[in-house]
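Trainee: I would like to learn how to read strands, sheets and cores from a set of coordinates. Could we work through an example together?

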Amino acid sequence: MNAAVRAVVRKAIFHEIEVYGVFGGYAGLISGNIKKLELGSVGDIIHRGGTMLYSARCEEFKTKEGQQKGIDQLKKHGIDGLVVIGGDGSYMGAKALTEQGYPCVGVPGTIDNDIPGTEFTIGFDTALNTVIDAIDKIRDTATSHERTFIIEVMGRNAGDIALWAGLAGGAETILIPEENYDMNDIADRLQKGNERGKKHSIIVVAEGVCSGHEFGKQLKEATGTDNRISTLGHIQRGGSPTAFDRVLASRLGARAVELLLDGKGGRAVGMEQNKLVDYDIIEALGRKHTVDLDLYKLSQELSI
């Protein structure tokens, strides 16, 4: 997200607009934790993970009273438009402000890649490469010890991380919440692999399906063989962002400023077919995220 923050600040200053940072998400907005940002405020952050503005959950902002407190703070600081970088919860807050007539532009930032209206969200590619690196390392151990390894990855209710990482990492089986799995089919594929001399397997499980430990128990009951489980957890959410994420964030952040300059609030920016797009934020949230099932089919065909 830092690359997006940097882009918003520098794009705005380029157009001689004052920029303020809201620290601590909507909680910071309510409390007035707002500071003016200069060019130097965002120096040397493009390569850093996380966000210099920090983040916080805020139940109060879900209420009309909390939202009005936020609007009062924006007016107090003379802020005419708000760029909101985040996932579903952040977008819901931006949607609420939009419905009350306050111009907001949503920028999709979540490793889950589950925001409608964009093919890729900021952070997804970085998390993906972290998972792939882990799969490569675990495969070395799986090969040496001739084991089946189950790797649980994040993604909430979306299977994008599991699908893309599993395909790129050569996983034998990928479980995503968008598709049901057949344990008998998985056991049969493992057995066929063993019969042709394959001594190890990698199974990637999206957290939206079940936990790695839960699936491990199911697999042992079905096959009678031991397995090992690795839950990657929050390691997927950190680290230096990839070049793709830095460029994506820069383009989306700058586009958000352009929309506000054009007097267009209540929008959500995204990327489709490598082109910048924007949608009505309320319309965007009304859409449903879908995983690329063609990739899922390909993963099954290549893992025979």
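Predicted model: local features only at pLDDT ≥ 70, side-chain atom pairs only at ≥ 80, totals over all residues.

Trainee: How many bridges join strand S9 to strand S10, and do they run parallel or antiparallel?

Mentor: In general, the strands of a sheet pair through backbone hydrogen bonds, in either a parallel or an antiparallel sense. Here S9 (residues 267-272) and S10 (residues 275-280) run antiparallel and are joined by 6 bridges, with Val269 standing opposite Asp278 in S10.

Trainee: What is the order of the strands in the open sheet?

Mentor: The order of its 4 strands is S6-S7-S5-S8, with parallel pairing; S6 (173-175) and S8 (228-231) are the edge strands, each of which pairs on one side only. From one strand to the next the twist averages 15°. Between S6 and S7 there are 3 bridges in the parallel sense, and Leu175 has Val205 in S7 as its bridge partner. Helix H6 packs on this sheet, where it touches S5, S6 and S7, and its direction makes about 170° with that of S6.

Trainee: Which residues touch the most other members of the largest nonpolar core?

Mentor: Val153 and Ile202 do, within a core of 28 residues. Elements that each supply at least two of its residues include H5 (124-145), S5 (148-153) and S7 (201-206), and the largest share, 9 residues, comes from H5. Beyond its neighbours within four places in sequence, Val153 is in contact with several residues, among them Val131, Ile161, Val204 and Leu232.

Methods:
Residues numbered from 1 in each chain as written. Heavy atoms only, no water. Pairing = 2+ DSSP bridges. Core = buried A, V, L, I, M, F, W, Y, C linked by side-chain atoms within 4.5 Å. Buried < 20%, exposed > 50% of the residue type's maximum accessible area, 1.4 Å probe, protein only. Contact = heavy atoms within 4.5 Å. Axes fitted to C-alpha atoms, helices over the stretch in contact; angles between N-to-C directions.
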